[in-house]
Amino acid sequence: MNEFLKKDKELIWHPFTPLQGGVDPILIKSGNGVYLNTADDKKIIDAVSSWWVNLHGHANPVIAKAIADQAQILEHVIFAGFTHPQAITLAENLLNILPSNQSKIFFSDNGSTAVEVALKMAIQYWNNKEIKKERIIALDGAYHGDTFGAMSVGERGMFTNPFHALLFDVDVIDLPSFDNESDVLHKFENLVRSRDVAAFIFEPLLQGAAGMRTYPAEILDKLIRIAKSFDTLCIADEVLTGFGRTGKMFACDYLAEKPDIMAISKGITGGAMALGVTSCSNKILEAFDNDDFTKTFFHGHSYTANPLACAAANASYSILVDQVCQNEIKMITESHKGFVKRMKDHDKVRNARSLGTMVAIELEVKGETSYTSEIRKRIYPFFIERNILLRPLGNTIYILPPYLITAEELETIYKAIEEFVASI
Ligand code: PMP
């Protein structure tokens with residue numbers, strides 16, 4: 001075994017990985033575009049953008065230069081009482097592309113913290129107004145991160161089991177579809193009418209960790225309209241869906257109604273640095289914008305608005321808004337639609353769906369649809385052997401690639417998926 005891997009085994013505890021019986025990690029020496037280059041000279045296509053963060057390819061030269069330049073000017077500064085040009089430029093850039101009702105940017109450093117900030121903002125909004133509203137409504141199957149607040153508003157299951165007694169209580173509604181629409185709307189209205197509901201949190205149109213489950217914008221619009229009519233705040237978790245993933249800049253761009261608060265992260269820096277952002281509308285600010293010190297939002301992380309991360313995000317933004325990248329997103333979107341047509345009638349496929357740059361193939365596996373589905377253990381090595389990184393969610397194989405992937409590279413992945421499906 002390579003010396004590095006020996007030390008890795010001895011010293012490092014990897015995320016979402018059992019200490020025994022898990023697969024050994026693959027040693028990556030470099031990245032280039034959609035490829036991860038292994039220590040034993042294989043080139044693996046990163047078909048999941050390294051946990052959905054990478055937008056413009058690995059070791060992107062524009063982002064790398066922005067970070068290197070910034071590192072020689074200012075690597076970090078405390079963000080209370082101080083500010084810096086990269087953060088200000090980034091706030092301006094983000095507000096350019098976020099839904100028009102978003103008016104202020106609060107920085108943190110990952111997706112879970114962006115969600116924690118969103119929840120705390122919503123709860124404190126009511127507290128500052130001296131109105132008792134503390135309950136949260138979430139969607140069945142939700143995943144909002146691994147910190148306690150984020151776990152509380154997420155699906156309870158194997159991952160959260162040890163902590164259940166310590167998570168706060170949340171009202172949950174089913175993921176809406178055209179089949180259950182009236183039931184879900186009815187239950188939702190009853191909850192916001194009868195309970196002291198502070199906020200409704202949702203992953204708009206696409207639930208990632210739940211298995212890339214999609215649901216209709218029309219129904220989400222109706223839920224938000226009901227929430228607003230009973231003065232319930234709406235929080236859109238766009239940690240996964242932001243920055244073009246669903247085909248539009250944000251999934252909320254498919255909606256007529258706009259959320260009061262948004263959490264974004266992952267693609268914000270093009271996948272180069274850790275950064276989280278929570279944005280909010282003027283309505284939220286009203287409850288904080290006064291001279292009562294006790295109503296301050298007392299929240300902040302050491303690496304808030306880190307200048308290197310903000311520089312990476314500004315560089316990623318410039319690539320993202322360029323027509324070249326927008327065309328890449330369109331190409332992937334159309335290509336995925338074609339793949340869905342190819343797969344949807346296959347007798348081993350329960351459901352095939354795409355939304356923008358995401359395509360998911362849910363396999364027909366008797367009696368098992370969970371994350372721990374046995375088939376999962378076969379899928380990952382099958383694709384790694386073919387130099388493709390795909391991390392299935394249970395029996396769902398999905399692709400969420402960096403935007404600079406070519407049509408040929410996509411076809412290579414599609415063919416490998418077809419080969420796998422034919423083998424079951
Ligand atoms: N919200 C959503 C919708 C996510 O998909 C994730 C991460 N997969 C998070 C929040 C948490 O982000 P992070 O892993 O950066 O804490």
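Modeller: Let us begin at the surface of this predicted model, where F16, W51, M158 and F159 form a nonpolar patch whose accessible area together is about 420 Å².

Biologist: Why is F159 called partly exposed?

Modeller: The relative accessibility of F159 is 39%, and since buried means under 20% and exposed means over 50%, the value falls in between, so F159 counts as partly exposed. As for its place, F159 lies in the loop between α6 (148-152) and β6 (171-173).

Biologist: Turning to helix α3, which residues there are buried?

Modeller: In α3, which covers residues 61-71, the buried ones are I63, A66, I67 and Q70.

Biologist: How do you know that they are on the same side of α3?

Modeller: Around the axis they cover an arc of only 95°, and therefore they are placed on the same side of α3. P61 and K65, on the other side of α3, are exposed.

Biologist: What do the buried residues of α3 pack against?

Modeller: They pack against α4 (85-97) and α10 (307-320).

Biologist: Which residues have the most contacts inside the largest nonpolar core?

Modeller: That core has 96 residues, and those with the most contacts inside it are F200, F383, L390 and I417. If we leave out residues up to four places away in sequence, I417 touches F339, M343, I361, F383, L390, I397 and I399. There is also a second, separate core of 27 residues, which includes A122, W126, A198 and A263.

Note on methods
Residues numbered from 1 in each chain as written. Predicted model: local features only at pLDDT ≥ 70, side-chain atom pairs only at ≥ 80, totals over all residues. Heavy atoms only, no water. Core = buried A, V, L, I, M, F, W, Y, C linked by side-chain atoms within 4.5 Å. Buried < 20%, exposed > 50% of the residue type's maximum accessible area, 1.4 Å probe, protein only. Contact = heavy atoms within 4.5 Å. Patch = residues over 30% accessible without salt bridge, like charges linked within 9 Å, V, L, I, M, F, W, Y side chains within 5 Å. Areas by Shrake-Rupley, 256 points an atom, 1.4 Å probe, with all protein chains shown as cover. Salt bridge = Lys/Arg side-chain N within 4 Å of Asp/Glu carboxyl O. Helix = DSSP H or I, 4+ residues; strand = E, 2+ residues; numbered from the N terminus. Arc of directions from axis to C-beta.
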